[in-house]
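Subject: Structure handover

Hello,

Here is the structure for you to take over. Please open it next to this message and follow along.

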Amino acid sequence: MSLRELIVERTRTRGSLTFAEYMELALYHPELGYYTGAAQQSGRAGDFFTSVDVGPWFGRLLAVQVAEMWAVVDPAGSAAQFDLVEAGAGNGRLARDVLDAALETPAFYGALRLHLVERSAEARRAQATVLAAHGPRVASRGPDLPETIRGVIYANELLDAFPVHRVAMTRDGLREIHVDANGGHLVERLEPVRTACLAEHLDDLDVPMPVGSRAEVNLLALDWIHSAAQRVERGFVILIDYGDRAPRLYGAAGRHGTLTAYRQHTDTTEPADWLDAPGDWDLTSHVDLTSVIACAERHGLRCLGALDQTYFLLGLGAAEIAGGAATRNDRAGLTARLAVKTLLQPGGLGSTLKVLLFGKGVGTPALRGCSQGTRLT
């Protein structure tokens with residue numbers, strides 16, 4: 001039975017699904033979901049590109065920030081361990097790049113205990129091979145965050161892949177978009193809002209949605225940041241994701257929503273292209289940065305910076321890497337220059353990806369990643 005057929009059958013026995021329920025099945029069904037069927041979906045042979053696909057430079061720059069955070073948490077370098085927790089770790093490529101760079105500072109590298117948090121069993125199986133050179137540093141692999149963390153949690157493009165609720169503002173008020181069956185096919189239906197907290201969440205944001213507009217509400221992102229805040233004993237959280245502030249997501253500027261489907265390096269916002277093919281497309285939407293920051297601070301984290309990836313990476317030395325590569329005339333130098341340019345490019349990864357940095361029990365350190373200014377464009 002295909003995933004579409006499974007969902008059609010479910011609607012016939014239980015009624016229509018919220019879009020969050022549909023997206024959960026489309027991405028994470030244990031056998032048929034998009035992310036559970038392969039160890040890696042990004043890159044030239046996949047459906048989309050991430051900063052990790054550009055090469056090792058993103059991980060090298062991230063390691064600079066993690067090393068600084070290690071020095072804040074353990075200034076004497078005397079602690080036996082420093083937890084490095086990657087949430088949404090995939091097959092471990094980013095963790096490998098971070099650890100490769102950390103090797104250059106033996107005391108830092110020796111303190112690291114890597115925890116790989118990943119839902120996909122297929123991706124978890126691939127981690128042992130990808131991280132073979134760093135086996136002694138791997139402390140755990142699994143689908144959940146460690147219970148207690150003294151160190152750093154980082155996540156690259158995690159929250160934008162969480163299942164979202166979709167809403168539409170009609171002349172009769174707010175409605176929730178459900179997925180239902182029409183014969184053997186899947187279609188959208190507008191239903192009264194029955195999801196607990198959904199209307200209340202939008203009311204709290206106090207951003208009027210224009211009639212005829214649609215939007216996504218990522219309640220699971222708030223649950224995740226709440227959980228992360230509880231588990232960090234002392235340390236930091238770094239989130240890198242597609243996102244924007246609430247007024248731009250829910251106001252007139254965002255009237256069509258941001259839900260996008262990707263397949264074979266093409267993207268579409270039209271449900272007719274992807275709704276009837278669950279499991280075949282990646283689905284993603286922009287993260288409400290306003291709500292994530294508010295939730296994090298409500299549960300004990302302090303926001304230390306919110307900025308474009310461009311400024312974050314420049315603060316960590318991206319320009320110096322590009323400058324050093326410019327003095328070389330070999331293929332490796334050209335590759336490095338192009339990679340850094342891609343990571344910083346306005347209108348591309350540099351400005352569409354946003355970075356949120358939080359701390360707990362560490363005061364308000366002047367982090368290198370924020371040294372170019374905390375600017376969201």
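This is a predicted model: local features need pLDDT of at least 70, side-chain atom pairs count only at pLDDT 80 or more; totals for chains, interfaces and linings use all residues.

**Asp 288**

Start at strand β14, residues 287-288, where Asp 288 sits. Asp 288 is buried, yet it has no salt bridge. Which side chain of opposite charge is nearest to it? That is Arg 245, 9.0 Å away.

Asp 288 does have polar partners. Its side chain makes a polar contact with the side chain of Ser 291, at 2.4 Å. A polar atom of the Asp 288 side chain also lies 3.1 Å from the backbone nitrogen of Thr 290. Leaving out residues up to four places away in sequence, Asp 288 touches His 201, Leu 205, Asp 244, Arg 245, Ala 246, Leu 249 and Tyr 250.

**The second largest pocket**

His 201 turns up again here. The second largest pocket has a volume of about 360 Å³. It is lined by 15 residues, and the closest to its centre are Cys 197, His 201, Leu 219, Leu 222 and Arg 298. Three helices each supply at least two lining residues: α7 (198-205), α8 (219-231) and α11 (289-298).

Look at Cys 197 while you are there. It is found in the loop between β8 and α7. Its phi is positive, about 80°, although Cys 197 is not a glycine.

**Glu 157**

Glu 157 is another non-glycine residue with a positive phi, here about 55°. It belongs to the loop between β5 and β6 (165-170). Is Glu 157 buried or exposed? It counts as buried, because its relative accessibility is 16% and the cut-off for buried is under 20%.

**Gly 183**

Next comes the loop between β7 (173-182) and β8 (185-192), which holds Gly 183. This glycine has 43% relative accessibility, so it counts as partly exposed. Which residues does Gly 183 touch, not counting those up to four places away in sequence? They are Val 8 and Arg 12. Gly 183 and Arg 12 are 171 residues apart along the chain. Their C-alpha atoms are separated by 10.0 Å.

**Helix α4**

Helix α4 covers residues 93-102 and is mostly covered. How many of its 10 residues are buried? Eight are. They are Arg 93, Leu 94, Ala 95, Asp 97, Val 98, Leu 99, Ala 101 and Ala 102. What do these buried residues pack against? Their helix partners are α3 (57-73), α5 (106-111) and α6 (121-130). Their strand partners are β2 (82-87), β3 (112-117) and β5 (149-156).

**Ser 351**

Last stop: helix α15, residues 349-352, where you will find Ser 351. Ser 351 has a relative accessible area of 16%, so it is buried. Its side chain reaches the backbone nitrogen of Gly 347 at 2.6 Å. Leaving aside neighbours within four places in sequence, Ser 351 is in contact with Asp 308, Thr 310, Gln 345, Pro 346 and Thr 377.

**Where to look first**

Then go to Cys 197, one of the residues closest to the centre of the second largest pocket.

Best wishes

How values were computed. Residues are numbered from 1 along each chain as its sequence is written. Side-chain values use heavy atoms; hydrogens and water are left out. Helices (H or I, at least four residues) and strands (E, at least two) are DSSP runs, numbered from the N terminus. Buried means under 20% relative accessible area, exposed over 50%, partly exposed in between (1.4 Å probe, protein chains only). Lys and Arg count as positive and Asp and Glu as negative; His and the chain ends are not counted. A salt bridge is a side-chain nitrogen of Lys or Arg within 4 Å of a carboxyl oxygen of Asp or Glu. A polar contact is a pair of N or O atoms within 3.5 Å; within protein, one must be able to donate a hydrogen and the other to accept it, and residues adjacent in sequence count only if both atoms are side-chain atoms. Contact means heavy atoms within 4.5 Å. On a 1 Å grid over the protein atoms alone, a cavity is a set of points where a 1.4 Å probe fits but cannot get out, and a pocket is an open set with protein on both sides within 12 Å along at least five of seven lines; lining residues have an atom within 4 Å of a point. Grid points are joined across faces, edges and corners, and a volume is the space filled by probe spheres set on the points.
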